[in-house]
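This report covers a single structure, shown below.

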Amino acid sequence: MTSFATQKIIQSAWRKWLLPLNWTNPYAVTLNLKQVVDTVTDRGIAPRFLDQQSASHNLRHLLNRLNKHFHGNAARRFGRKLQVLPVLEGGQNQRLHYHLLIDLPPSVDLDEAYPLFVEQWHQTPWGYGQTHVQQCYDDGWLDYITKLRSKPNIADSIDLQNLHMPSLTAH
């Protein structure tokens, strides 16, 4: 476990790195995860408990569906992806859940985004419960999702497997 001072330094570095991003139509999204699912084994049905790897794989499934929805076949053929900052929170005594900062195409409004996220998330194996979606108008969501509370280690909480920030390389 890293010290609180080290956690604050890492938090500050993440925020400094992520703050200058260009977002055209950013959304704040919270996605809850099932903590256990039943799986079929050679001995019958057994519980499978959620871990970080399964959560990350499940989010990748959602992002693939969203990229296909917004970019069509170009998502697969040319690697077109939505800009997304995924942060996994929870563990120990709190449910694992995701907070996303995601940039949707400019033509998308909340009336389209909300039902799309709910529908697509609940079609993933670990998608569960209430899904919260709202537009972002300032940097408050970035500050919230990079908070230290409810994260065992902030460096491990940003899902680097699903992080996609093309505007960072555009500078």
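The sections below take the basis of the model, then strand pairing, then individual residues and helices.

## Basis

This is a predicted model, in which local features need pLDDT of at least 70 and side-chain atom pairs count only at pLDDT 80 or more, while totals for chains, interfaces and linings use all residues. Residues are numbered from 1 along each chain as its sequence is written, and side-chain values use heavy atoms, with hydrogens and water left out.

Helices (H or I, at least four residues) and strands (E, at least two) are DSSP runs, numbered from the N terminus.

## Strand pairing

Strand E5 spans residues 94-103. Two strands pair if DSSP finds at least two bridges between them. Strand E1 (residues 26-33) runs antiparallel to E5 and is joined to E5 by seven bridges; Ala-28 stands opposite Leu-101 of E5. Strand E4 (residues 83-91) is also antiparallel to E5, with eight bridges, and Glu-89 faces His-97 in E5. The E4-E5 hairpin has two residues between the strands, and in this hairpin Gln-92 has a positive phi near 50°. Eight of the 10 residues of E5 are buried, where buried means under 20% relative accessible area, exposed over 50% and partly exposed in between (1.4 Å probe, protein chains only).

Strands E2 (residues 36-41) and E3 (residues 44-49) form an antiparallel pair over six bridges. A hairpin of two residues connects E2 to E3, and Thr-41 has Gly-44 of E3 as its bridge partner.

## His-99 and its surroundings

His-99 lies in E5 and is buried, at a relative accessible area of 3%. Its side chain makes polar contacts with the side chains of Thr-30, at 3.0 Å, and Glu-89, at 3.4 Å. A polar contact is a pair of N or O atoms within 3.5 Å; within protein, one must be able to donate a hydrogen and the other to accept it, and residues adjacent in sequence count only if both atoms are side-chain atoms.

Contact in general means heavy atoms within 4.5 Å. Leaving aside neighbours within four places in sequence, the contacts of His-99 include Val-29, Leu-85, Trp-141, Tyr-144 and Lys-147. Lys-147 in turn lies over the face of Tyr-144, 3.7 Å from the ring centre; a charge sits over a ring if NZ of Lys or CZ of Arg is within 6 Å of the ring centre and within 35 degrees of the ring normal.

## Helix H1 and its tryptophans

The structure holds two aromatic pairs. One of them is Trp-14 with Trp-17, edge-to-face at 5.6 Å centre to centre and 65° between the planes. Rings of Phe, Tyr and Trp (its six-membered ring) pair if their centres lie within 6.5 Å; planes under 30 degrees apart count as stacked, over 60 as edge-to-face and the rest as tilted.

Both residues lie in helix H1 (residues 4-18), three residues apart, or about one turn of the helix. Trp-14 is buried at 14% relative accessible area, whereas Trp-17 is partly exposed at 39%.

## Helix H2 and its end

Helix H2 (residues 52-71) has 20 residues and reaches 28 Å from first to last C-alpha, close to the 28 Å expected at 1.5 Å a residue; the expected span is 1.5 Å times one less than the number of residues. Its buried residues include Leu-59, Leu-62, Leu-66 and Phe-70.

His-71 belongs to H2 and counts as buried at 17% relative accessibility. Beyond neighbours within four places in sequence, His-71 is in contact with Arg-80, Lys-81 and Leu-82. Gly-72 follows H2 and has a positive phi near 60°.
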